[in-house]
Amino acid sequence: MTTAATPEGQRGEDRGGRPGDDRGGLRAALGGLTTRGRSFLAAGVAAAICAYVLGQGDLLRVGLLLAILPLICAGVLYRTRYRVAGSRRLSPRRVPVGSEARVHLRMDNVSRMPTGLLMLQDHVPYMLGPRPRFVLDRVEAGGRREVSYRVRSDLRGRFPLGPLQLRLNDPFGMCELTRSFSAYDTLTVVPRTEPLPPVKLTGEAAGYGDGRQRSLALAGDDDVIPRTYRHGDDLRRVHWRSTARYGELMVRREEQPQRARCTVLLDTRRIAFQGAGPDSAFEWAVSGAASALVHMLERGYAVRLLTDTGTAVPGEGAEGFAGTSQDAAEAAGLMMDTLAVVDHSDGAGLSRAYDVLRSGNEGLLVAFVGDIDEEQAALAARMRHRSGAAVAFVLDSGTWLTGGAVTGAVDERLRQLREAGWTALAVPPGARLAELWQQAGGMRAESTAGETYGGWS
C-alpha cells in the first residue's frame with residue numbers, strides 16, 4: 001500500500017514491500033496483529049502443543065488452522081498495494097476565538113484496484129476537540145471519498161492539523177496496518193473583534209471621507225506633474241506648457257489625498273497584567289487592540305500595531321504603517337496573525353515603544369495598557385506630544401481578578417494622562433469596547449471644542 005499527499009500539501013509516501021525492507025515491513029505487519037489475531041495465534045499454538053502431547057491428529061490440524069489464519073491475513077494485507085492520495089482543506093484558515101472552522105478531507109484511490117475497508121483519523125490538538133475518525137467503505141479504482149469535521153477553540157493561537165493517518169484492516173479483523181501522510185496544515189485562531197461605532201473627531205478635511213487628509217503640493221510651475229484632462233476638471237487648472245508639449249489638454253495635480261495615520265499600542269508586560277484565561281484583562285486588551293485595528297483600517301487609515309517591546313507590525317511601507325503601500329486586507333491579516341500568538345513580555349516599561357514614536361507625526365495613538373506606575377504614566381504622557389491625538393484604555397488587572405471597583409491609584413494615573421492631553425478611560429471588568437469607544441469620542445469632542453486635530457473614526 002502506498003499513501004501519498006496530493007500536490008496541495010507536502011508530498012510523502014509510505015510503501016509496503018519495497019526491495020530491501022521486506023524483513024522490516026513484515027515485522028511491522030506482524031506487529032499490527034489485532035487482539036483477535038493474537039488470540040487466534042495463541043490458541044492455535046496451544047492446540048498444537050496439546051495435540052503433540054496427547055497424540056491427537058485432528059486437534060493438531062485445528063491448531064494449525066487457528067495459528068496460520070492470522071499469519072495469512074497479515075501477509076495478504078502486507079502485500080496489498082493500494083495507492084491512496086489524501087488532501088486536507090481548511091475553510092476558513094483564520095477564524096476568531098469561539099468560531100468554528102470546517103476541515104475537509106479527501107481520499108483518492110489512484111491505483112487500479114479497489115480498496116478494502118479504510119479507517120481515517122486526523123490528528124488535532126486537544127484544544128480543538130476530539131480526534132475525528134471516519135470509516136470509509138470500499139473505494140473503487142479511481143474513486144474518491146470526501147468527509148469533513150468541525151474544530152473550535154476558545155483560545156487564540158496557531159494550531160497544527162495532521163498528520164492524517166490511514167488504517168487498513170483485513171476482512172477478518174486479524175491485522176491492522178497504519179500509514180501516515182506527511183502533510184500538515186495550520187489553523188490560526190485570532191482574537192475576537194467587536195464592531196465599533198463611527199465616532200468622529202473634528203478637524204477632518206471635507207470631501208475626502210473618514211480617515212483622509214488633504215495635502216497641497218508646494219511645487220513650482222516647473223515642478224508640477226500634470227495629468228490628462230478629465231471631464232469635469234476645472235479649466236483654471238489647465239497647464240498650458242504641458243498641453244503644448246504633449247498635444248492634448250493637461251491639468252495640474254495640485255492636490256493629492258493622504259491617509260491619516262493610526263498607531264495601536266498594546267502593552268504586553270507580564271508585570272502589568274495578572275491572571276490568565278479567556279476572561280482575563282490581558283485577553284481583553286488583545287481583543288480590544290484587534291477591534292481597533294480592524295475598525296481603523298475599514299475607515300481608510302494607515303495603521304500599524306506597536307507593542308511595548310518596540311516591535312511594529314507590519315514594519316514595512318511608509319515608516320511601518322499598513323494601508324499605504326499594501327492592501328488593507330493583507331495588512332489586517334498580518335496584524336491579526338501577530339495578535340493570535342502575542343504573549344507576555346518580560347519588559348518593565350514602555351521606553352522602547354516611546355523610542356519608536358519619534359517622528360512627531362504619528363497621527364492618532366490608541367493605547368491598551370495594563371497596570372502603570374507614576375514613572376510609566378509620565379512616559380506615556382510624553383508619548384502624547386508625539387501624536388496628533390491619543391486615547392488610552394487603562395486596565396487594572398487587580399480589579400479584574402476581584403471584580404471590585406477601580407482603585408484610587410488608577411484614578412490618579414488617569415488624571416495624570418488627561419492632564420497631558422490623553423483621552424483616558426478605565427476599563428472595568430467585563431466592559432464592552434464599543435461603549436467605551438463611544439464614551440471616548442464624547443470626551444474627546446468636549447475637550448477639543450474649537451480645536452482641530454487629525455480625525456479618527
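Helices (H or I, at least four residues) and strands (E, at least two) are DSSP runs, numbered from the N terminus. The structure described here is a predicted model, in which local features need pLDDT of at least 70 and side-chain atom pairs count only at pLDDT 80 or more, while totals for chains, interfaces and linings use all residues. Residues are numbered from 1 along each chain as its sequence is written, and side-chain values use heavy atoms, with hydrogens and water left out.

**The protein as a whole**

The protein contains 11 helices and 22 strands. Of its 457 residues, 46% count as buried, where buried means under 20% relative accessible area, exposed means over 50%, and partly exposed lies in between (1.4 Å probe, protein chains only). Among contacts (heavy atoms within 4.5 Å) between residues at least 6 apart in sequence, 73% join residues at least 24 apart.

Val45, Ile49, Tyr52, Val53, Leu54, Leu59 and Val62 make a nonpolar surface patch of about 720 Å². Patches consist of residues with over 30% relative accessible area and no salt bridge, with like charges joined within 9 Å and nonpolar side chains (Val, Leu, Ile, Met, Phe, Trp, Tyr) within 5 Å. Two or more residues of the nonpolar patch come from each of α2 (35-54) and α3 (57-79), and α2 gives the largest share, 5 residues. Val62, which is found in helix α3, counts as partly exposed because its relative accessibility is 43%.

**Arg156 and its surroundings**

Arg156 is found in the loop between β8 (144-152) and β9 (157-161), and it counts as buried because its relative accessible area is 15%. The side chain of Arg156 has polar atoms placed beside two other residues, as the table shows.

| Partner of the Arg156 side chain | Part of the partner | Distance |
|---|---|---|
| Glu283 | side chain, polar contact | 2.9 Å |

Leaving out residues up to four places away in sequence, Arg156 touches several residues, including Val97, Pro191, Phe282 and Val342.

Ser287 lies in helix α5 (residues 281-298) and, apart from its neighbours within four places in sequence, is in contact with Pro191 and Arg192. The C-alpha atoms of Ser287 and Leu339 are separated by 8.4 Å, although these residues are 52 residues apart along the chain.

Notes: Polar contact = N/O pair within 3.5 Å; in protein donor to acceptor, adjacent residues only side chain to side chain. Areas by Shrake-Rupley, 256 points an atom, 1.4 Å probe, with all protein chains shown as cover. Salt bridge = Lys/Arg side-chain N within 4 Å of Asp/Glu carboxyl O.
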